[in-house]
Amino acid sequence: MKKFFEKQLMNITIGIAKLLDMESDVEEEKENLISLRDRLLVAVEATDDYKTKNINDEVFVWLNETEILIQEAEKLTAQTETPQQKKECKKLLRKLLAHQFNFSGFYPVIFESFSNGNIHGSQFVCFNSREKASSQLLVALQVHKCSLIGLYGRSGSGKTTLVKAVSEKLKDICGLKVLFVKVTENSNIRTMQDEIADSLNIKFDKNSEAGRARIIFSTIERMYKILVIFDDVPAKFNPEDVGIPCNSEHCKILLTTCCQQGSDFMYCQCDIQLGPLSTEESWTLFQKHSGIDDQEYSSSYDLSNVAREVAFECEGLPGKIKDVGCSLKSKPIEEWKATLDSLKHSMGKWQIFLSFRGDDTRYGFTGNLYKDLCQGGFKTFMDDGGLQTGDQISPSLLNAIEASRLSIIVLSENYANSSWCLEELVKIMECMKLKKQLVWPIFYKVEPSDIRHLKKSYGKDMVQHENNYGINSERVQKWKSALFEVSNLSGKTYKTGYEHEFIQKIVEDADQIKSRLQIRSI
């Protein structure tokens with residue numbers, strides 16, 4: 001556990017340093033380090049004795065290193081400014097930024113209280129798959145220049161539960177004032193302003209939204225520490241419209257949303273993804289809510305097998321697992337089977353999803369494949385180009401992939417040149433693993449080995465992505481992994497010949513598995 005947090009915290013810190021583009025200076029970060037040191041001492045003193053004994057050594061190592069860095073900073077800033085001094089300042093600045101968040105000895109204490117449910121009665125359970133997002137969130141909430149944070153994940157993934165658990169813990173440790181604003185379909189600026197005003201005991205003497213926003217803004221600016229959580233926000237949402245300052249030293253804003261595109265639009269300094277539970281974690285949680293581990297249930301082999309399938313079809317979403325599990329508790333096996341059938345088919349909207357590089361094959365191979373599949377009676381999704389905007393794949397495309405039974409990936413010469421195509425590919429491979437989605441790669445005038453080993457155009461395109469995003473960026477690594485995985489799948493290769501005959505063979509193969517592509521209306 002310790003090594004996990006050390007690695008994650010360091011990765012986050014490096015990312016933050018790049019994000020800030022070294023806009024801080026040594027003196028400022030020295031003061032931040034002193035402040036963090038003092039807060040850590042207070043937090044450790046407030047920790048139970050038996051826990052403190054387990055972390056004292058690590059805390060003292062961190063504190064000793066802190067004192068050395070503070071002295072180094074004081075000595076360097078006292079020197080006359082020269083090119084060499086500037087170079088040393090830049091090097092020290094990186095060390096200061098990294099060290100601020102390399103106090104991993106204290107994080108296991110926080111997460112121990114999470115795993116024990118010791119968060120004011122919270123039912124939060126910190127599964128292993130949640131540790132990365134939890135540690136990222138804890139760090140981001142304490143980063144000096146990170147005032148706007150986005151947490152994204154699918155509906156039912158547990159975003160609300162996580163932010164409440166983390167905010168409660170930080171409220172105890174750091175003395176944060178926490179405002180929680182639930183954004184609903186009926187929410188508007190005025191209703192959110194009213195909710196915030198009630199929490200802060202504000203009386204409005206102005207009736208306009210702008211006037212009310214200024215009153216909230218000035219009130220928060222006078223406060224020492226405050227965290228404002230907007231839960232389940234839409235893509236286009238600006239906290240300053242409500243009156244929450246986005247660049248205040250005293251105010252942190254945490255936004256949860258169902259898609260990363262939304263938090264990107266809101267210019268969050270830190271975007272954090274909350275992914276699904278693992279298969280075993282899903283089963284553990286499902287057992288808890290369904291009672292399937294009770295003796296009368298566990299004795300039935302058939303029911304146990306059906307239950308595991310039901311848990312799998314819940315897609316690793318804690319909210320869905322809880323709802324389905326509770327609804328099936330003490331129900332006969334016939335109802336379990338009916339639920340399983342519904343889960344397998346009711347969410348499907350498309351039988352086939354086509355992933356392709358538009359410039360390569362839209363008006364040729366892929367366009368003809370789409371036409372023949374539709375004529376063959378298959379409900380097929382093909383993006384017309386209107387859903388691809390900016391640098392991120394659109395939520396509509398992600399939803400279409402998730403709601404499909406079979407993904408056909410047309411891997412052409414310039415497929416890897418497009419970040420949209422690569423994001424689609426990552427999502428498709430994820431659905432193959434988590435949703436048992438079928439995946440057919442079509443190697444259109446390319447060799448699988450060139451994709452597998454990143455040769456020729458695929459190698460050149462990936463080098464360009466590395467230059468754009470960083471050779472060790474998590475995004476690029478995911479793309480490489482997805483390309484390697486898809487290149488190892490059994491697929492079809494087209495080099496020369498009549499395309500219409502090749503396309504007809506694909507349609508015939510799809511017809512052979514039509515029973516597995518059945519969908520129902522949502």
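Which residue follows helix 18, and is its phi positive or negative? The points below take this up along with other features of the structure.

1. The mean pLDDT of the chain is 78, with 76% of the residues at 70 or more. Two stretches call for caution. Over residues 1–23 pLDDT stays under 50, and the model has 37 contacts there beyond four places in sequence. Over residues 47–56 pLDDT also stays under 50, with 13 such contacts. Where pLDDT is low, the predicted coordinates should not be read in detail.

2. Overall make-up. The chain contains 24 helices and ten strands. It has 522 residues, of which 49% count as buried. Among contacts with a separation of 6 or more, 76% are between residues 24 or more positions apart.

3. Helix 18 and what follows. To return to the opening question, the residue after helix 18 is Gly 377, and its phi is positive, near 90°. The helix itself covers residues 365–375, and its buried residues are Phe 365, Thr 366, Gly 367, Leu 369, Asp 372 and Leu 373. These buried residues pack against both strands and helices. The strands are strand 6 (350–355), strand 7 (380–381), strand 8 (404–411) and strand 9 (438–444). The helices are helix 17 (358–361) and helix 24 (499–512).

4. Helices 8 and 9. Helix 8 (residues 189–200) packs with helix 9 (residues 209–221) at an angle of about 35°, and the axes are 11 Å apart. The crossing of helix 8 past helix 9 is left-handed. On the helix 8 side, the residues that meet helix 9 are Ile 189, Arg 190, Gln 193, Asp 194, Ile 196 and Leu 200. Their partners in helix 9 are Glu 209, Arg 212, Ala 213, Ile 216, Thr 219 and Ile 220.

5. Salt bridge between Glu 315 and Arg 154. Side chains of opposite charge can pair when their charged atoms come close. The structure holds 18 salt bridges. In one of them, Glu 315 pairs with Arg 154, with 3.3 Å between the closest N and O atoms. Glu 315 sits in the loop between helix 14 (301–313) and helix 15 (318–328), while Arg 154 sits in the loop between strand 1 (148–152) and helix 7 (159–174), so the bridge ties together parts that are 161 residues apart in sequence. Glu 315 has a relative accessible area of 8% and is therefore buried. Arg 154, at 27% relative accessibility, is partly exposed. Both residues also belong to a network of salt bridges that links Arg 154, Glu 315, Lys 320, Glu 402, Lys 427 and Glu 430.

6. Salt bridge between Glu 280 and Arg 308. The side chains of Glu 280 and Arg 308 form a salt bridge at 3.7 Å, N to O. Glu 280 belongs to helix 12 (residues 279–290) and Arg 308 to helix 14, so this pair joins parts that are 28 residues apart in sequence. Glu 280 counts as partly exposed at 47% relative accessibility, and Arg 308 counts as partly exposed at 38%.

7. Salt bridge between Asp 359 and Arg 357. The side chains of Asp 359 and Arg 357 meet at 3.7 Å, N to O, in a salt bridge. Asp 359 is exposed, at 67% relative accessibility, whereas Arg 357 is buried, with a relative accessible area of 14%.

8. Cysteines. A disulfide is a covalent bond between the sulfur atoms of two cysteines. The structure holds zero disulfides. For Cys 251, the nearest cysteine sulfur is that of Cys 246, 8.0 Å away. A disulfide needs the two sulfur atoms within 2.5 Å, so Cys 251 is in no disulfide. Cys 251 is buried, with a relative accessible area of 1%. Cys 314 also counts as buried, at 0% relative accessibility.

9. Ser 487. This residue lies in helix 23 (residues 474–487). Ser 487 is buried, with a relative accessible area of 3%. Leaving aside residues up to four places away in sequence, Ser 487 touches Phe 443, Pro 448, Ile 451 and Arg 452.

Terms used
Residues numbered from 1 in each chain as written. Predicted model: local features only at pLDDT ≥ 70, side-chain atom pairs only at ≥ 80, totals over all residues. Heavy atoms only, no water. Buried < 20%, exposed > 50% of the residue type's maximum accessible area, 1.4 Å probe, protein only. Helix = DSSP H or I, 4+ residues; strand = E, 2+ residues; numbered from the N terminus. Contact = heavy atoms within 4.5 Å. pLDDT = per-residue confidence, 0-100. Salt bridge = Lys/Arg side-chain N within 4 Å of Asp/Glu carboxyl O. Axes fitted to C-alpha atoms, helices over the stretch in contact; angles between N-to-C directions. Left-handed = near helix turned anticlockwise from the far one by under 90°.
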